[in-house]
Amino acid sequence: MSRGLIMNKIFYKKFIKERLFTPMKIFLFSLQTLCTDFKETELEVESLNNEIYGDLRKLASTELYSKIKINFYDKCPRVKDDCTYTSCEVPTIKYGDKEGVIDLLSVIESFSPGIKHSNLVWNDIYKTTEDQNILKIISGLHFSVTTHIAAFHTKIFGFYVSNPRKFINRYNEVYKNNFLNLYKVVRTAVGHLKNIPADINDETRALSNKIRIKALPVIETSVTDVLDKCIACIACLNCEKCILWGTIQTRGLKSVVKVLNNKTLYRNDVIYLINLFRRLSESVKQSRRMKNVLFPNIYLPIVYYKQFTILILAIFLMVYMNIRRKLRKIKVE
């Protein structure tokens, strides 16, 4: 074998080893590391959430956080369709001496069958910025909203039935990771509550002190301008309940920015922050529960019972009419 041929074989072996196999090994290692880190992050968040879930749920149920008055941004540039479903409505009550109070415990963040064009609103929200870090925050919140829509999907006899199939169909690892990171940021903000009004209850301070934080993430105050634009986009939803929870949680994100920049918080800032944290905390629980459902399609006849009932009645009517037609034909003969 010639020296040139031998050198060529050595070259190609080296080329294949260094240029092909080595990058492939690096890629596989990076992919494995990414997946491992993601799993650890998810388990970490679930563990952290379990530590405060009960206290946070109890805190959000107190009068301070559950009975609120809120002014909505109502200058949507588009014409909105009316939602005729009661699930879109936000009833108000008289609480003490106050009129127009919203009881958040009776207005669950849930699926509204009458909502239209929510995808267009989300598209507008994502167009409010090109900053990738802010987009990840929005994506994380989007994942949480989707989780609630699937977890509290159909109300039957006063109880909500989940739609795991809808959750699984929309599930995405990247979105979930954005959500987990958002949860940790909001949790850190709650654990860093310092400059809060004196009339905030002691339970809030107790919850804040219970949360151990390592370091504060850096979020520029200019983010609030983007969040204001998001709130303006939310106003274009044709569902009052959706506008309510979208506004509360986005204002909660504004509170997060204020906390992480050591700004003084007002009473409503804390209210929005705790309600945002409560929703994210619930999403951690519900996302794990629905992801672990073995047979998600079993839920479909229940969550779509109205549609299934109509379909069954239609089939029954067709069969009945067909039988009558045959009986008449037999009598004639």
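S1 and strand S3 (residues 98-103) pair in the antiparallel sense over two bridges, where pairing requires that DSSP finds at least two bridges between two strands. The model is predicted, with local features needing pLDDT of at least 70 and side-chain atom pairs counting only at pLDDT 80 or more, while totals for chains, interfaces and linings use all residues. Residues are numbered from 1 along each chain as its sequence is written, and side-chain values use heavy atoms, leaving out hydrogens and water. Helices (H or I, at least four residues) and strands (E, at least two) are DSSP runs numbered from the N terminus.

**Sheet**

- Three strands make up an open sheet in the order S1-S3-S2, with antiparallel pairing.
- Strand S1 (67-68) and strand S2 (93-95) are the edge strands, each pairing on one side only.
- Lysine 67 has aspartate 103 of S3 as its bridge partner.
- S2 and S3 also pair in the antiparallel sense, over two bridges, and here tyrosine 95 has lysine 98 of S3 as its bridge partner.
- The hairpin of S2 and S3 has two residues between the strands, and in this hairpin glycine 96 takes a positive phi near 70°.
- In general, strands of a sheet pair through backbone hydrogen bonds, either parallel or antiparallel.

**Disulfides**

- Three disulfides are found in a search of the whole structure, a disulfide being a pair of cysteine sulfur atoms within 2.5 Å.

**Helix packing: H3 with H8**

- Helix H3 (residues 118-126) and helix H8 (residues 223-234) pack at an angle of about 165°, their axes 9 Å apart; axes are lines fitted to C-alpha atoms, for helices over the stretch in contact, and angles run from 0 to 180 degrees between N-to-C directions.
- H3 and H8 are therefore roughly antiparallel to each other, on a scale where angles under 35 degrees count as roughly parallel, over 145 as roughly antiparallel, 65 to 115 as roughly perpendicular and the rest as oblique.
- Val121, Asp124 and Ile125 of H3 make the contact with Cys230, Cys233 and Ile234 of H8, contact meaning heavy atoms within 4.5 Å.
- The residues of this contact of H3 with H8 are five nonpolar, no polar and one charged; Ala, Val, Leu, Ile, Met, Phe, Trp, Tyr, Cys and Pro count as nonpolar, Asp, Glu, Lys and Arg as charged, and the others, Gly among them, as polar.

**Helix packing: H8 with H9**

- The axes of H8 and H9 come within 10 Å and cross at roughly 175°, and the two helices are therefore roughly antiparallel to each other.
- Residues making the contact include Leu227, Cys230 and Ile234 of H8 and Ile243, Leu253 and Val257 of H9.
- By class, the contact of H8 with H9 has nine nonpolar, four polar and three charged residues.

**Helix packing: H4 with H6**

- Helix H4 (residues 132-151) and helix H6 (residues 173-191) pack at about 100°, with their axes 7 Å apart, and are therefore roughly perpendicular to each other.
- Among the residues that meet are Ile137, Leu141 and Phe143 in H4 and Tyr175, Phe179 and Leu182 in H6.
- The contact of H4 with H6 divides into six nonpolar, four polar and two charged residues.
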